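I looked up the helix pairs in turn, then the cores.

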Amino acid sequence: VNMNPPDEVLSFFDTFTMAVHKCLTPPVVGALLGMVVAASPLRGIFVDLEHRADKAPLEWLFDGIYSVGQAAIPLNMMILGMNLSASQNAVDESKLLSLPTMIGIVVGKMLLMPIVGIASAILMHKYILDIPDAVHSTFYLVSMIVFITPTANDVMVMVELSGGGAKEGIARVFGLQYLCAPILLSMSVTAVVAVASQI
């Protein structure tokens, strides 16, 4: 009698384990732990909830973590700059994306995504949500802002950590997005603000 589980069960378990391992990266685990602490009475250990007078027992730890967190955006920009520099010196052109591909990504992210965001906000307003008048313009503005911004630098950090060979190509896409952002982002923000004020 064969006591080993079938190969389908093993492959499903292996795939599930690999997916959980890939999803539970240190930033995700940190964010989940942060939500647990913020939603529980543990929050009072790290932050003085009553007087904001830095009297919590572990406020020194919170202040230290907060100070380290302030360095995240400058570090992301340095990583992006290093990868942009490396993409200029790349010997292996196969690691880089072609210009039509990069233009397609920029058009998709900075022209088509704002259209999707505006259309989804209008559809939510007309058919799905009934937001109170006092906050509805702000709500729809924030929901559309998510669609119009360039790709976050955090993606560059994830590409860097993954160890893949595409980091130079992704850095060039980011650079092209930031190059087009003054014109395309200005148009998108204008359209989004106009739609949010009219809804």
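At what angle do helix 6 and helix 7 pack, and how far apart are their axes? I worked from a predicted model. I found that helix 6, residues 99-128, and helix 7, residues 136-148, pack at an angle of about 155 degrees. Their axes are 7 Å apart. Since angles over 145 degrees count as roughly antiparallel, I recorded helix 6 as roughly antiparallel to helix 7. The crossing of helix 6 past helix 7 is right-handed.

I then listed the residues that make this contact. Helix 6 contributes Lys109, Met113, Pro114, Val116, Gly117, Ile118, Ser120, Ala121, Met124 and His125. From helix 7 come Phe139, Tyr140, Ser143, Met144, Val146, Phe147 and Ile148. By class, I noted twelve nonpolar, four polar and one charged residue in the contact of helix 6 with helix 7.

**Entry: helix 7 and helix 9**

I looked up the packing of helix 7 with helix 9, the latter being residues 167-198. The angle is about 155 degrees, and the axes are 9 Å apart. Helix 7 is therefore roughly antiparallel to helix 9. Helix 7 passes helix 9 in a right-handed crossing. On the helix 7 side, I recorded Ser137, Leu141, Met144, Ile145 and Ile148. The helix 9 side has Leu185, Ser188, Val189, Val192, Val193, Val195, Ala196 and Ser197. The contact of helix 7 with helix 9 has ten nonpolar and three polar residues, and no charged ones.

I checked Ala196 separately. Setting aside its neighbours within four places in sequence, Ala196 is in contact with Ser137, Leu141 and Met144.

**Entry: helix 6 and helix 9**

Are helix 6 and helix 9 roughly parallel or roughly antiparallel? The two pack at an angle of about 20 degrees, with axes 9 Å apart. Helix 6 is therefore roughly parallel to helix 9. I noted their crossing as right-handed. I recorded 18 nonpolar, two polar and two charged residues for the contact of helix 6 with helix 9.

I also looked up Met187, which lies in helix 9. Met187 is partly exposed, with a relative accessible area of 49%. Met187 and Met110 are 77 residues apart in sequence, and their C-alpha atoms are 9.8 Å apart in space.

**Entry: nonpolar cores**

Which residues make up the largest nonpolar core? I found ten: Ile118, Ala121, Ile131, Tyr140, Met144, Ile148, Val192, Val195, Ala196 and Ile199. Helix 6, helix 7 and helix 9 are the elements that give two or more residues to this core. Apart from it, I found another core of seven residues, among them Val106, Val173, Leu176 and Leu184.

**Entry: whole protein**

Lastly, I looked up the totals. The protein has nine helices and zero strands. I noted that 22% of its 199 residues count as buried. Among contacts with a separation of 6 or more, 66% come from residues 24 or more positions apart.

Technical notes: Residues are numbered from 1 along each chain as its sequence is written. This is a predicted model: local features need pLDDT of at least 70, side-chain atom pairs count only at pLDDT 80 or more; totals for chains, interfaces and linings use all residues. Side-chain values use heavy atoms; hydrogens and water are left out. Axes are lines fitted to C-alpha atoms, for helices over the stretch in contact, and angles run from 0 to 180 degrees between N-to-C directions. Helices (H or I, at least four residues) and strands (E, at least two) are DSSP runs, numbered from the N terminus. Angles under 35 degrees count as roughly parallel, over 145 as roughly antiparallel, 65 to 115 as roughly perpendicular and the rest as oblique. A crossing is left-handed if the near helix is turned anticlockwise from the far one by less than a right angle, and right-handed if clockwise. Contact means heavy atoms within 4.5 Å. Ala, Val, Leu, Ile, Met, Phe, Trp, Tyr, Cys and Pro count as nonpolar, Asp, Glu, Lys and Arg as charged, and the others, Gly among them, as polar. A nonpolar core is a set of buried Ala, Val, Leu, Ile, Met, Phe, Trp, Tyr and Cys residues joined through side-chain atoms within 4.5 Å. Buried means under 20% relative accessible area, exposed over 50%, partly exposed in between (1.4 Å probe, protein chains only).
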